[in-house]
Amino acid sequence: MNIHINQENYENLDTFKKILKKDESTIINEALEVYFTAQQKILLEKNLDNENAMTNLDFDEFWDDVEI
């Protein structure tokens, strides 16, 4: 795996490594966990919105052209 980190993130990583007394791998893994959790939440909300959009019919729209 080859990962490139921009200068600002590299400097922040170095700063927080010293402040938190953690190694780079730990900080990156913790950050990725937060990122993936946030992205999962966004995707779940988007899927829920899409599902609601597909089933969000009012009474007349749902029963239109149904003969009993």
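A pocket is an open set of points on a 1 Å grid over the protein atoms alone, with protein on both sides within 12 Å along at least five of seven lines. The largest pocket holds about 350 Å³ of space, a volume being the space filled by probe spheres set on the points. This is a predicted model, in which local features need pLDDT of at least 70, side-chain atom pairs count only at pLDDT 80 or more, and totals for chains, interfaces and linings use all residues. Residues are numbered from 1 along each chain as its sequence is written, and side-chain values use heavy atoms, without hydrogens or water.

**Largest pocket**
- Its lining residues (an atom within 4 Å of a point) include Met-1, His-4, Asn-9, Phe-16, Ile-28 and Leu-32.
- Helix 1 and helix 2 (24–55) each contribute at least two residues to this lining.
- The lining comprises nine nonpolar, three polar and no charged residues; Asp, Glu, Lys and Arg count as charged, Ala, Val, Leu, Ile, Met, Phe, Trp, Tyr, Cys and Pro as nonpolar, and the others as polar.

**Helix 1**
- Helices are DSSP runs (H or I, at least four residues) numbered from the N terminus.
- Helix 1 covers residues 7–20 and spans 20 Å from its first C-alpha to its last, close to the expected 20 Å, which is 1.5 Å times one less than its number of residues.

**Aromatic pair**
- One aromatic pair (ring centres within 6.5 Å) is found in the whole structure.
- Tyr-35 and Phe-36 form this pair, at 5.5 Å centre to centre and 65° between the planes, which is edge-to-face (over 60 degrees).
- Tyr-35, at 45% relative accessible area, is partly exposed, as is Phe-36 at 48% (between 20% and 50%, 1.4 Å probe, protein chains only).

Notes
1 Å grid on protein atoms, 1.4 Å probe; cavity = no way out; pocket = protein on both sides within 12 Å on 5 of 7 lines; lining within 4 Å. Phe/Tyr/Trp six-rings, centres within 6.5 Å; stacked < 30°, edge-to-face > 60°.
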